[in-house]
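Hi there,

Here is the structure I promised to pass on. My notes follow it.

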Amino acid sequence: MNTQLKQLCDELGFEPEATAALLSASETDEESVKKFTEGLVSRERFPESTTELLARYESDKTGWCVLKIMLIAALRSREIYRERGISDEIFLDTMKCFPRFVREHRASFGTFGFDRGFWVGRQLSLVLFRIGELEYELSEHEGKNAISVHIPSDADLTPALLDGSFAAAKDFFARYFPDYANAHYFCYSWLISPALKNLLPANSKIILFQNRFRVLSFDEKADSYKLWVFKNKELSPQDFPENTSLQRRMKAHVLKGGTVGEALGILV
């Protein structure tokens, strides 16, 4: 199994140090691994399996044991992709969330680790796919099938690339998930927040991205921006780094009593 995991880690672009750490992690017995794998790749069962898996390894603060079992599940996900005729390119692009999250852990805490086990059942169960620059999740809105749009931390928001991503996503869902062929696309993110229009120029990539959406609701108190902009959700505003123009503008805004928040928008 470690040989297959090593090959997958290499394909996904894990740093050698991270690969070595997760391969040395001790997973549970074979029967339990099989049970978790079957649950994690199931659209209906992944939430329950995720909860059980995280509880089993609650004492492992590095997250390597959870990550190892989830990558074993990813090997099964790959088989399901192939059975459904979905390209290996989309599989790899989607599963690159794993090394990305490991790198984000290092950016936040200074060491490699994995703390996004609560999230990635979506990728493993073929509910969420990376198509071009963006991720798309099978979801619902107002009781109807809908596609939830997510923005990975490494996404390039250049308009032409986003045009290509949205176009490819529409083709993908029409082919593989026809019940979602005419679904609305929505996004809930700090990137949709109307507050950003006072912080960024009108021609910034972020503003051009959010202009694609019609805002339906706005939660001005939400603070997820701390993790995505400043890499650490525990920081106090006075300790926000100032390495980018967005960080500097946002920090000044918050220190003056301003908020960033999150908004829900529908793609227009």
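The largest pocket holds about 1100 Å³ of space. A pocket here is an open set of points on a 1 Å grid over the protein atoms alone, where a 1.4 Å probe fits, with protein on both sides within 12 Å along at least five of seven lines. Grid points are joined across faces, edges and corners, and the volume is the space filled by probe spheres set on them.

This is a predicted model, in which local features need pLDDT of at least 70, side-chain atom pairs count only at pLDDT 80 or more, and totals for chains, interfaces and linings use all residues. Residues are numbered from 1 along each chain as its sequence is written, and side-chain values use heavy atoms, without hydrogens and water.

The pocket's lining (residues with an atom within 4 Å of a point) counts 38 residues, with I151, P152, S153, W190 and W228 nearest the centre. Helix α7 gives the most, six residues; helices (H or I, at least four residues) are DSSP runs, numbered from the N terminus.

W190 also touches M250 (heavy atoms within 4.5 Å). M250 is among the residues that touch the most other members of the largest nonpolar core, which has 85 residues. Such a core joins buried Ala, Val, Leu, Ile, Met, Phe, Trp, Tyr and Cys through side-chain atoms within 4.5 Å, buried being under 20% relative accessible area with a 1.4 Å probe, protein chains only.

Helix α5 (residues 64-84) brings the largest share of this core, 13 residues. Of the 21 residues in α5, 16 are buried. Just after α5, G85 takes a positive phi of about 80°.

Enjoy exploring!

Definitions and conventions. Buried < 20%, exposed > 50% of the residue type's maximum accessible area, 1.4 Å probe, protein only. Helix = DSSP H or I, 4+ residues; strand = E, 2+ residues; numbered from the N terminus. Lists of a residue's contacts leave out its neighbours within four places in sequence.
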